[in-house]
Amino acid sequence: MKDETPQTVHLADYLPPSHLVEDVRLTFRLAPASTRVLSEIRFTPNPARPGAHDLRLDGEALGLISAAVDGTPITALPDTTGLTLPAATLPDGPFIFTAEVEIAPEDNTRLEGLYMSRAMYCTQCEAEGFRRITFYPDRPDVMAPFHVRIESDLPVLLSNGDLKGEGPGWAEWHDPWPKPSYLFALVAGDLVAHSDRFTTASGREVALNIWVRPGDEGKCAYAMGALKRAMKWDEETYGREYDLDIFNIVAVDDFNMGAMENKGLNIFNSKYVLALPETATDDDFARIEAIIAHEYFHNWTGNRITCRDWFQLCLKEGLTVYRDQSFSSDMRSASVKRIEDVLTLRARQFREDGGPLAHPVRPDNYVEINNFYTATVYEKGAEVIGMLKSLVGEDGYRKALDLYFDRHDGDAATIEDWLKVFEDATGRDLTQFKRWYTDAGTPRLTVTEDFRDGRYTLSFKQETAPTPGQSEKPPRVIPIAVGLLNPNGDEVLPTQVLEMTEAEQSFTFEGLATRPVPSILRNFSAPVVLDRASTPEERAFLLAHDTDPFNKWEAGRSLAKDVLARMVTDGAAPGPDYLDALTRMARDEALDPAFRAYALRLPSEDDMAQTLFAAGRTPDPAAIYAAREKLALAVAEALRPTLTSLHETMAVPGPYTPDPRAAGQRALRLQALAYLTRLDGGARAEKQFSEASNMTEELGAMAALLMIGKGEEALASFARRWAADRLVMDKWFTLQVLEATPAALAETARRLTEHAEFDWKNPNRFRAVLGAMAANHAGFHHASGAAYRLLADWLIKLDGINPQTAARLSTAFETWRRYDADRQGMIRAELARIRATPGLSRDLGEMTQRMLGEG
Ligand code: B3K
Ligand code: ZN
C-alpha cells in the first residue's frame with residue numbers, strides 16, 4: 001500500500017486532545033479475511049480545550065461498514081488516514097460514537113495492528129497500530145478503560161485485563177486501568193499455557209500464564225522464573241506491585257521487534273521466551289531474563305504512567321531499560337553487566353550519534369515514529385537516568401521515584417514532569433541537565449593533568465560535534481567518577497564524582513606524596529568519549545591494579561585498540577606489554593571468568609572503524625580485518641599454554657544450568673577455544689561440537705570451525721538435527737553469514753536467501769541473514785560493493801510488505817560517511833536507488849532521506 005506524502009510531526013505543535021474517552025467497548029468477530037470490529041466509544045469534550053472542536057479519529061486501511069453518533073448515522077466519509085466528525089455535528093456534552101469496520105488480518109504483512117502468525121491472531125499497536133483496527137483517537141494521551149468481547153472458534157481468546165466471562169466461541173475481558181490504545185492487545189489461537197502463581201507483597205494472588213503453541217510448553221520454565229524474579233524485584237526495589245488478577249504472556253513467531261508490554265497481556269517474539277539448554281545459548285537465557293523483566297517493569301513505567309506524546313518515548317523506554325539493567329545486575333554480576341551494556345551503547349548508540357541519524361534522547365520532530373525506537377532513546381535514555389542518579393544520590397533517586405509514582409499515576413507525562421519530580425524531591429536545579437534530553441551527539445572529554453608540590457590537577461574540556469539540525473552544543477553537566485592510584489598499586493583516593501558543568505574545568509587533589517595514576521570515568525559514569533593520552537605501561541598498570549572493574553576492563557580494551565590501530569597503519573606486530581598484561585589477566589583466578597572472557601575478546605571491527613574515524617582517520621575495513629586476524633593469531637600463539645589450560649579447567653561439570661557463574665566459565669572456555677582453533681586446525685572444536693550437550697557449546701564450537709573454513713560437516717549435522725526448530729535454525733543461518741570471509745560474504749548471504757527455509761516474511765529469519773550480513777563489517781564493506789547492493793535489493797523488496805523492519809535494517813548504511821570516497825559513492829548510490837523506488841513507505845523514505853542528509 002502506498003503512503004501519502006509524509007508529514008513531519010513537531011513537538012512544538014502539541015495540542016491536548018479535543019475529546020477524552022470515558023469508556024471503550026469493542027467486539028471482534030474474527031475471520032482471517034474479514035474480521036468485523038464493532039466499537040462503542042463514550043466521548044466527552046476535553047475541559048483542557050474549551051470551545052467546540054472537530055473530532056479527528058485515526059483510521060487506516062479500514063473498511064467502514066457503518067458509524068453513528070448517539071445512534072444517528074454519520075455522513076462524513078473517511079480519508080486515507082482517518083475520519084473527521086465536524087464540531088457542528090457533535091453534541092456539546094458527552095456522546096457515544098459507534099462504528100463497525102472490516103479488516104483482513106491474514107493480509108496484514110506489516111505486522112502492525114491485527115495480523116496473523118501461523119494461524120494465530122495477534123496484535124501490535126505501539127506506536128500507531130490501533131488505527132489499523134478501528135477508528136479511534138490513536139494517541140497516548142487519550143486513556144480509557146476497555147471492555148473487549150472476542151468471538152471465534154479458536155480455543156484460546158485473550159485480551160487485556162481480567163477475564164469477565166467465556167463460553168463456546170466467545171470470551172469477554174475488562175481492563176479497569178485506563179490505558180492508551182497503543183497498549184491494547186488481542187490474541188486468539190490454538191495455544192497451551194505454562195502456568196504458575198505469584199502472591200504480591202500485599203497478598204494479591206496473581207495467575208501467571210505463558211501461552212505458546214502446543215509442543216512448546218516445555219520451553220517456558222526459564223521465562224516464568226524470570227517473570228517471578230522480576231515481580232519480586234520491583235516490589236523490593238521500587239515498591240511496585242502488580243495490579244490485576246492475571247498476567248499473560250504470549251509467544252509469537254512473526255514479530256517486528258523483541259516484545260510488547262500490552263497491559264496484562266505481553267506479547268513476545270518467541271525468541272525471547274522459549275529456551276531449553278539444548279536450544280538456547282547462555283546469551284539467549286540472559287536476554288530472555290532481561291526482556292521478560294523489561295516488559296513487566298513497563299506495567300508501572302509506561303502503562304500506569306505513560307507518555308503524553310511520542311516525543312516523550314524515552315520517559316518510558318529509557319527508564320524501563322535503566323530498570324531492567326539494574327535488575328540484571330542484581331541477578332548477575334554487576335560489573336560484567338556494566339561492560340556488556342557499555343559495549344552495546346558504543347556499538348549502537350555512539351554509532352548512531354556519530355552519523356546522519358543522530359537525534360536527541362527526546363527528539364523534537366519525526367515523520368514516522370517507529371523510526372525513533374532507537375539506541376539513543378533506549379540505551380542513552382537509560383544512561384541519562386544513571387547520571388541523574390549519580391548526581392542526586394541513591395536516596396534522592398528513591399525519593400524522586402516515589403514522588404513520580406505518587407504524582408503521576410494515571411497520567412500521560414512528559415520529560416518536564418519527570419525532571420520536576422527530581423527537582424522537587426531533591427531541591428536540585430536540573431536546567432542544565434535537561435540538555436542530555438534535548439541535545440544530540442556524544443561529548444568528547446579531553447583530559448590533561450598536572451602534578452606539582454603534592455597537588456594533582458585534572459583538567460577537562462568537553463566538546464560535542466554538530467549533529468543534524470543542531471549546530472550549537474552548549475556544555476552539559478557531566479558526572480565524572482574518578483579514583484586515584486599510587487604507582488605501587490594502592491588506591492589513594494576512592495571513587496569520587498566530579499561534576500563538570502563548564503566547557504573547560506579543572507579539579508585539584510591536595511596532599512599527594514607521589515604523582516598518582518588516575519582512573520577516570522569509573523563504571524562509565526557518563527556516555528562520553530574519553531580522550532586522554534596514556535602510555536601502554538600505564539594502561540597495563542590499570543588493567544592490573546584498578547579497583548574499578550569497569551575501568552580495569554577498559555584499560556585492557558584501550559590497550560588492544562592502540563595495538564590494533566598501530567597494526568592497521570604499519571602492520572606492526574603487537575608489543576609485549578599488551579600480550580604480557582593479557583596473559584596475567586587471563587590467569588588471574590581472583591577475576592570472574594565472565595570478566596576474563598570479555599577482557600580476552602578483541603575490539604570489534606566496527607568499533608575500530610568508529611574509533612579510527614573519531615580520531616580523524618578514514619577506516620579501511622580490509623586493513624582492520626587483516627590487522628585483527630593477525631592480532632588474534634598473535635594472542636593465540638603468545639597465550640597458548642594459558643588458553644590450553646583455560647579450555648580444560650573451565651569445562652563445567654554436571655548438567656547444564658543457565659546461571660551466570662556457569663555461563664561465565666563457558667564464555668571463557670569458548671573464548672579460549674576460538675583462539676586455539678587458529679592453531680590446532682580445529683581438533684578441539686570438532687571434539688567439542690560432537691560432544692556438546694548444550695547449545696552454547698555446540699554453537700561456539702561450530703563458530704570456531706566456520707571461522708577457519710572447516711564448518712561444512714558441522715553445518716550439515718546441525719541442520720539435520722535442528723531442521724524442525726525455527727529459532728535454532730535462525731542461528732544456523734546467522735552464523736554462516738557472520739563467519740563468512742569478506743570476499744565470500746555477499747555470495748554466502750545470497751545463497752542463503754535462496755535456501756528453501758529462507759522465509760523473508762518472517763522478521764527473525766530476514767534479520768538472521770540480511771541483518772547478520774550488515775554485522776560482518778569487512779564483508780559488508782567489501783570493495784566490490786556486492787553486499788551493499790544485495791541489502792538494498794532486499795530492503796526495497798521487504799519495504800512493500802513490512803516497512804518497519806525494512807527501515808530498521810536500513811541503518812546498516814548509517815555509517816557511510818566514515819569510509820573512503822569509493823565506498824561512500826557506492827552506498828550513496830544504493831540509498832538514492834532505494835529513495836527513488838516508487839511507492840516507498842514513509843518508514844524507509846524518512847530513513848533514506850535522513851541518511852542522505854536531505855533534511
Ligand atoms: N514498547 C515496545 C516497542 C514498540 C516498538 C514499536 N515500533 C517494546 C519495548 O520497548 O518494551
Ligand atoms: Zn520498552
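User: Which protein donors does the zinc ion (ligand 2) have, and how far from it do they lie?

Analyst: Donors are N, O and S atoms within 2.8 Å of the metal (3.2 Å for Na, K and Ca), and since water is not among the atoms, sites may look incomplete. In this predicted model, local features need pLDDT of at least 70 and side-chain atom pairs count only at pLDDT 80 or more, whereas totals for chains, interfaces and linings use all residues. Side-chain values use heavy atoms, with hydrogens and water left out, residues are numbered from 1 along each chain as its sequence is written, and chains are lettered from A and ligands numbered from 1 in the order in which they are written. Here the protein donors are His294 (NE2), His298 (NE2) and Glu317 (OE), at 1.9 to 2.1 Å from the zinc ion, and their spacing along the chain is H-x3-H-x18-E. His298 sits in the loop between helix H2 (282-297) and strand E21 (306-307) while Glu317 belongs to helix H3 (residues 313-331), so this pair ties together parts 19 residues apart in sequence; helices (H or I, at least four residues) and strands (E, at least two) are DSSP runs, numbered from the N terminus.

User: Is His298 buried or exposed?

Analyst: Buried means under 20% relative accessible area, exposed over 50%, and partly exposed in between (1.4 Å probe, protein chains only). His298 is buried, because its relative accessible area is 0%, and Glu317 also counts as buried, at 1%.

User: Where is Tyr366 placed, and what is its relative accessibility?

Analyst: Tyr366 is in strand E22 (residues 365-366) and counts as buried, at 6% relative accessibility.
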